[in-house]
Structures are given as structure tokens and as C-alpha cells.
Amino acid sequence: MTDAMPAGDRKPIAPPVDETGPLGWARKNLFSSWGNGITTIVLLAFVVWVLDWFLEWALFTANFTATTGAECRGGGACWALIREKFRYIFFGSFPYEQHWRPLFAVIAMLAMLVLSADRRMWNWRLLVIWGVGSFVTFLLMFGQLHIPLSLILAVALIAGGIGLALRSGLATPSERMAYYALVGIGAVGLVLRIAGVLPSWSIAIAPLSYVETSLWGGLPVTLILATYGLAFAFPYGILLALGRRSNLPLIKGLCVGFIELIRGVPLISLLIMASVMLPLFLPSGTTIDKFLRAQVAVILFAGAYIAEVIRGGLQSLPKGQFEAADAMGLNYPQKTLLIILPQALRVVIPPLINTFIGFFKDTSLVLIIGIFDFLNTANQALVDPNWAGFPGEVYLFAAFVYFIFCYSMSRYSKYLELELNKGTRR
Amino acid sequence: MLKKMAAGVVTAGLIGVAGTAHAGKDLDAVKARGQLICGIATGVAGFAQQDDKGKWLGLDIDVCRAVSAAIFGDAEKVKYVPTTAQQRFTALQSGEVDMLSRTTTYTLTRDTALGLEFTGINYYDGQGFMVPKKLGVKSAKELNGATVCVQPGTTTELNLADYFRANKMTFKPVVIEKVEEIRAAFYAGRCDVYTTDASGLYSTRAANTPAPLKPDDFVILPEIISKEPLGPVVRHGDNQFTDIVRWAFYAMVEAEEHGITSKNVDEMLKSDNPSIKRILGVTPGMGKALGVDEKWVYNIVKQVGNYGESFDRNVGMGSQLKIARGLNALWTNGGLQYSPPIR
């Protein structure tokens, strides 16, 4: 070492100006060679040109205030059309004076989704959030709810069954007795109800005027079809995925058959089956609500896809996890719910959200059976000859709304991926 | 997720509550329900479209309203069920709707083999041609050598070929499956001519002309090369209901022929003309024969209007579509709209 200056006295010199800051960044990334420099300039000019044209059309020459389509013609974008039609596009043919109901239903559903996105809520609170959220949503949409006795009994039966399966080794005797009581009441009640001993009785909650599903339209329809379609399809898909890995040949065969059958046909064909074939098989005069038919078709379809995604997660788990769970004396439900699924689901979050996003958009296929979801009410707004010839504006608006939803889901997926993999990152 | 499932079961039950069911004869079912369920198109300008408040309007909608006015004395007791071309007949056969009023062409097989009954023709349609005005074409006979945008696999395509062959002309087809893409191709100038049913041409011109172009830049040629009679449909099995649907429409035509409009219908009640007295129920008998209130025509005309008013308001000169009456003028004016006498 021949340093003249002792190490402690060295002053760090700032790097040259053209290597740091925005200038340095640009030099390094955009103008590192002649070729790159020219490409950058050409692309920049192109972007400016497109942006200039777009802003000129969408903002500077746009018409926000016209009252008819004819006034709008000739200038830039006709946003007055959206202003005139946005209530219809969002809520469809829901009675006009009552539009506050779907509005609050949408808010309730969004609140429910945002709350369940928070990991701190992933326990019993989830049940409360979804119970209250769904109740509020459907009360607002229908206006009146009739909860039949058989439904209450079925809930008791299922709740008791789940309790018994999950907490068989852990519950105190009194807790276990409560589960047995629930199952008993539910099972006996349902049998009596079906046999006709118990009368058909229901709790009626009717604070608002009744609005049937055929009048629903726009954003609430898209949200309900997607949210409940996926909320049902998720547990259903898990059951299918577990069934497909079962050792019992009958269960395995049924699950494989179902999954392959559903994945082998397009969603449109399922929807058409539900709307064209199903009514012909039912006894004359009996019809099942069209909205419910579409909802069930979406659930079945999404379930099969989710099952395959989850199966991927199950297969990625090392065999040791299963064996360790067995060695600890856990029964099958406990092993699955406490050991296997938490790990398997973590692995499949990105493909799962991908499936979710896909289905959120796929719901607009319900147009072919005459249900007006968000995209289709936007389409309907175009039919009005008074506002003829502005498809671009309407579709841009619809795309913008879809983008907000899908992009939030995608960001959430990213956050969740980081959050859940904290343990495995170094 | 189990918790979600439990919450889900509740909602499944809640949605299920909305299911509808009825039994017995169609008319009894309609009356018991207090509402007519009318199958309509999913958005065709002028025929079935929704306004800003989600209310259905159009020529086909007015037929539903007339039937409701005849049965209930109130044109608004209708539930509209949008149906697509694929599911419309199933919806009718399975009882999901009581009647269809959705630009459906009246043909022999549909009237017989499908177990359905066409009750009349509320719009005489036919295949036509639309061209840009700047081509200066006045007649379809001048279209020799033109490029024509057409949907494949439809009778439209076959009619087109027949027409050009019969007139010893040639054409270059541009065959596109989706309607939206056909329109885009036509407006982008990829073909000289767009051919489909004339009502479709008028509504395309009015509703789909993209912004810098104006509807007036396009003309619809006078030649109509096929028959497409559109009318309301019911299913076999309840002849009384069929009669009501048939005569509710005829009443609108008959009212126009006798000069009864929604404006003057109250004065017409005092008319001395025996036909008008019979029609409006001043001389009773017609309503009883049909099994509805004697004031049925009065209610239809007062609330819905006569055929001419409905045509004008929805598709004619009073609307943006500006369709000429043409074949749909009354027979007294050289058209085809003709009602058997109400007597």
C-alpha cells in the first residue's frame, strides 16, 4: 500500500452528474448506444403523437353537456352520452326511483370483498362479514326476503356436521353435545318437513317493494354473478380437487368425470343448456329463475377450473407433510384443513386470482340467455337511436370500469403472494 | 372457506325464492298472476329498446302493452323477458313467457312443427340494400359488380345470390359472421353494399353509424327482395288467449283505419258511427265475445295508441329511424296492414 493519505481522511467524491439522477438513468437505459437512442426518440415521438390525438379527442374537443346525440356529432368524444346513460349502464332496468338500492347493494358487496381481503379477518369474522354482507345485498336487491324453515334446518345440519368433523378431538363434552343437537334437530326437522309433518313456514322480512331478478341489471348483476359464483365455486372446487385425489374409486371417478366433462365444454354451451334444454325437461309450467340458472352454471363451470388449479397446489406438497399429519393422530378433516390446504392454497394464489379475474369478465356471456350484466347494459345504451353512433365512448367507459376491478384484484394477488410467502423468503 | 360455504347456502336459498311457477290455462295463469310475461328482443332500435330509466319502448313492446290493456285494462302490467334468437322458442314452449313479440319471422314450420301460433303480422319486413350516398346508386338493379357485406348461413345470403342471378348481375360477397363486424366493415368501406332485413338496415343506419359519418350519408334502396313478416307468437293450447293476442293487435289497426287516436278516443265515444260504437264498446258485445272488458279497445287506444301512432313514435317519421310506412301502410293507403272487421 502506497497511499499518501491515511484511510480515515479519504473524502468520498460524488459520482459524475451524468451517471446519477434522471439524466444518468436516461443515459444508461435509453441512450446507451446510437441504435437505442434513435429507437427511444422514435418511440417517444409516437407516444406523444398518439397521446396528443387521444387527449384532443377524449378531453379538449369532447362534448360533456349535449342533450341529444345530434348535438354531439362532429366534435371529439361524446361523454354527454355517458352522462345521460350512466345510471342505466350501472343499474339496468331496476326501477328508476329505487336506484339507491342497487347502489348500496354494490357498496355492501364491495365492503364485504374488501374486508375479506384483509388477512386479519380470516377466521370466524369472515362468516359474520359474508352473512351480514349477503343479507344486506340481497335484501336491498330483492326488497323482501322469505327464509323458509327447511333452509334454517339445513343450515343447522351443516353447521353441526362441520363442527363435529373439525373439532372431534378438541371439543369439550358440552360443545360436542351442542354439535350433536344441531345435527339432530336439522336432520329430524328436514325429514319431517319433507314427509309433510312440519308446515311450510318462513320468516318474512319485507321492508321494501319486491323487485324480481328479471329487472336486475348492470354492475350489481356482474358483481353478484362473479362474487357468489366464485364464493361457491371455491369450496366446491376444493372438494372436487380433494375428491380427485381420493383413494375411493367411486368418489374419484365422479370427480374426474365431472371436472373433465365441464372443462371439455365452453361456458356458453353450459349457459345455453341451462336456458334452452333445462326448461324442456322440467314439468310443464314450472320455471326456475333465469338468474339462478345462470348463477348455477357459473358455479359449476368455475368449480371445475378451480379444482384443477388447487390440485396443482396439492401435488406440490411433499409426502412428508401428509405422513407427519397422520403421525400426529389428526383425522382426515383436521389433516386437510390444518396442514394440507393452508400450504396448498398458498402455492396456487397467482393462478387462482387469474381464474377469478377471468371469471369476472366471463360473466358477460350471460347476455346470450337474456340477462343484462354491466357490459350488456352498456351495449343496450348503444341501441337508442337518439344517441346513435358513439360505440367507442361507451366501450371505453365499460373497459375502464372493468379495468378498475381486474387491476385491483391483480394488485391484491401480488400483495397476498408477498404476504403469504414471508416465511419462505430469505 | 367452509364458512363462506355456509354463508353461500343461505344466499342460494334466498335466490331460489324468486322462482316462478304457474299451472293451468295460459289466460287463467296470466290473470291469476296479474301480469303478462312478454318475451322480447335483447335490444333492437325502434322495436325493443330501453330508455335512460330502463323502461322498454318500441313497436314490439306496444303489442305486449296492447294485450295487457285488453286483459287488465292497464297497459303497464307487463313483465318483459329479453330473449335471444336461440332461446326464444324454448322460452315460449316451456312457459317461461306467455307470448313472444320480438321480430320473429312468420313461417310455416314455425307455425306448425314448433307447436306455436302466429297471431298476426305487426311489421312487414324484407331484405334490402344499404349503400353510401356518394356512390350515387338509386336502385338495386345498378349494383352489378358490387362488393356486398352479408352474414353467412342465413337465408339472407341465399336471397342475395338468387336476386343477383335472376337479374343477371355479379357480386363479390364479403362474408362475416358477427353483426358488429359486418357493420364495422361496411362503415370502413370494405364493401359497397350491406344487405339484411330492411328494419335492421334502418336501425343500423340510425344507431350504429360511427361518429364522423352521419346517418344521412347512407341510403336504403327501394327494392325489397324477400318476405320477412314479423309478428307476435303464442304457444298452442289456449285458444282464448291466442284470440286476445290476435285481436289486441288488430284493434290497433282497426282504430287507425277508423281514425281513432289516443288523442280523440274520448270524443269518439260519442260518435254515431255504428262501427266505431261497436269497436269502442259503446254498443256492447265485442268484449264479451272475446272474454275481456267491453272497453278493451278504448283502453288499448287510450294507453298505447293506434297502429299508426305506435309506428310513427317508434320507427316512423316521429323517431330517429325514419322508416317509411311502405308495406306497413293501411290497405286503404296501398299497404298491407289490414284488420278483419271487429263485429
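Okay, hi everyone. First, some housekeeping. What you have is a predicted model, where local features need pLDDT of at least 70, side-chain atom pairs count only at pLDDT 80 or more, and totals for chains, interfaces and linings use all residues. Residues are numbered from 1 along each chain as its sequence is written, while chains are lettered from A and ligands numbered from 1 in the order in which they are written.

Let's start with chain B. Its domain 1 covers 24–124 + 230–329, and domain 2 covers 127–226; domain bounds like these come from an automatic or database domain assignment. Taken over C-alpha atoms, the centres of those two domains of chain B are 31 Å apart. Where they touch, domain 1 of chain B gives 8 residues and domain 2 of chain B gives 5 (residues are in contact if their C-beta atoms, placed from the backbone, lie within 7 Å). On the domain 1 side, that's 6 nonpolar, 2 polar and no charged residues. For those classes, Ala, Val, Leu, Ile, Met, Phe, Trp, Tyr, Cys and Pro are nonpolar, Asp, Glu, Lys and Arg are charged, and the others, Gly among them, are polar.

Now the sheet. It's an open one in chain B with 5 strands, in the order β10-β9-β11-β8-β12, and the pairing is mixed. Quick reminder: strands of a sheet pair through backbone hydrogen bonds, either parallel or antiparallel. Here two strands pair if DSSP finds at least two bridges between them, and helices (H or I, at least four residues) and strands (E, at least two) are DSSP runs, numbered from the N terminus. At the edges of the sheet you'll find β10 (171–175) and β12 (218–220) of chain B, each pairing on one side only. From one strand to the next, the twist averages 30 degrees.

Zoom in on β8 of chain B, residues 127–132: it pairs with β12(B) in the antiparallel sense over 3 bridges. There, B:V131 sits opposite B:V219 in β12(B).

What packs on the sheet, touching β8, β9, β10 and β11 of chain B? That's helix α6 of chain B, residues 155–166, whose direction makes about 160 degrees with that of β9(B). Axes, by the way, are lines fitted to C-alpha atoms, for helices over the stretch in contact, and angles run from 0 to 180 degrees between N-to-C directions. Helix α8 of chain B (198–208) lies across β8, β11 and β12 of chain B, at about 125 degrees to β11(B).

Over to chain A. Its domain 1 is 7–60 and its domain 2 is 215–426, with 43 Å between their centres, taken over C-alpha atoms.

Two helix pairs to finish. Helices α9 (219–244) and α12 (290–315) of chain A pack at about 45 degrees, with axes 6 Å apart. So α9(A) and α12(A) are oblique to each other (under 35 degrees is roughly parallel, over 145 roughly antiparallel, 65 to 115 roughly perpendicular, and the rest oblique). Their contact has 19 nonpolar, 4 polar and 2 charged residues.

Then α13 (319–327) and α14 (332–347) of chain A: their axes come within 10 Å and cross at roughly 160 degrees. That's why α13(A) is roughly antiparallel to α14(A). Among the residues making this contact are A:F322 of α13(A) and A:I339 of α14(A). Thanks, that's me done!

Notes: Contact = placed C-beta atoms within 7 Å.
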